[in-house]
Amino acid sequence: MTAVSKMRRRLFAVAACVAALVFFCIYVLSEQDPAQTTDLSTSAYERVANEEARSEAAEGASDDESLSTGVTIPSPSVAEWLLGIAGIRKWAHTVEFFAFGVPVAAALLLWWGRPELTGARMLVSFAISACASLFDQTHKLFVPGREFDASDLVFDALGYGVGIVLMFGVVGIVRCYMRCRIARHA
């Protein structure tokens, strides 16, 4: 076994362990009763709102420029815009499953089997993440006061989908760069 092969297997194990740890954290969050999850959502919302207030205060200095042109265009921040689409709880699902999708994709990219079918590995990443999302929602049926919410599955899919596409995209760009570099020197 070569040194590269050993390193790849070790990195695979690290990525798989990180994915398992993130999934365990998601499981623990799903175990919360409604009061605990409301408290957590409220504190997260307050942090976002406080950060927005700080950023608006910092941007106050640039408002002088709009006075000179006579045009003031109200622009909602990205956070306000996103929270207008859905509440902080829904977006928390996206963040959680982004954090899950990235190491799942990394583990499958590091898988040492042959042939190296990137498309198949990407599909397996999506399947594993979708099963984890479905398990999370089904698990809530057994937590008093919690319920299966199909709309959460959409926000989960957005999170792990972006994470998986990002990981496979970065690897694809790096591989393309390396091929071009090798071709130039050949």
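Leaving aside neighbours within four places in sequence, Val165 is in contact (heavy atoms within 4.5 Å) with Met122 and Phe126. The structure is a predicted model, in which local features need pLDDT of at least 70 and side-chain atom pairs count only at pLDDT 80 or more, while totals for chains, interfaces and linings use all residues. Residues are numbered from 1 along each chain as its sequence is written, and side-chain values use heavy atoms, with hydrogens and water left out.

**Overall fold**

- The chain has seven helices and zero strands, where helices (H or I, at least four residues) and strands (E, at least two) are DSSP runs numbered from the N terminus.
- Following the sequence from one end to the other gives the pattern α-α-α-α-α-α-α.
- Of the 186 residues in the chain, 26% are buried, and the terms used here are buried for under 20% relative accessible area, exposed for over 50%, and partly exposed in between (1.4 Å probe, protein chains only).
- When contacts between residues at least 6 apart in sequence are considered, 79% of them join residues at least 24 apart.

- Val165 has its place in helix α7, and it counts as partly exposed because its relative accessibility is 47%.
- The C-alpha atoms of Val165 and Ser125 are separated by 9.8 Å, although these residues are 40 apart along the chain.
- Pro103 belongs to helix α5, and it counts as buried because its relative accessible area is 8%.
- Apart from neighbours within four places in sequence, Pro103 is in contact with Ala15, Val18 and Ala19.
- Between the C-alpha atoms of Pro103 and Tyr160, which are 57 residues apart along the chain, the separation is 9.9 Å.

**The largest nonpolar core**

- The largest nonpolar core has 13 residues, and those with the most contacts inside it are Ile26, Phe97, Phe100, Val104, Ile164 and Phe168; such a core is a set of buried Ala, Val, Leu, Ile, Met, Phe, Trp, Tyr and Cys residues joined through side-chain atoms within 4.5 Å.
- At least two residues of this core come from each of α1, α5 and α7 (150-185), and α5 gives the most, with six residues.
- Phe97, setting aside its neighbours within four places in sequence, is in contact with Ile26, Ser129, Ala132, Ser133, Asp136, Asp156, Gly159 and Tyr160.

**The largest pocket and Lys140**

- The largest pocket is lined by 25 residues, of which Thr37, Arg89, His93, Lys140 and Arg146 lie nearest its centre; on a 1 Å grid over the protein atoms alone, a pocket is an open set of points where a 1.4 Å probe fits, with protein on both sides within 12 Å along at least five of seven lines, and lining residues have an atom within 4 Å of a point.
- Two or more lining residues come from each of α1 (3-30), α2 (34-59), α5 (88-110) and α6 (118-140), with the largest share, eight residues, coming from α5.
- Lys140 lies in helix α6, and it counts as buried because its relative accessibility is 3%.
- The side chain of Lys140 makes a polar contact with the side chain of Asp152 (3.5 Å); a polar contact is a pair of N or O atoms within 3.5 Å, where within protein one must be able to donate a hydrogen and the other to accept it, and residues adjacent in sequence count only if both atoms are side-chain atoms.
- Not counting residues up to four places away in sequence, Lys140 touches Ser30, His93, Arg146, Glu147 and Asp152.
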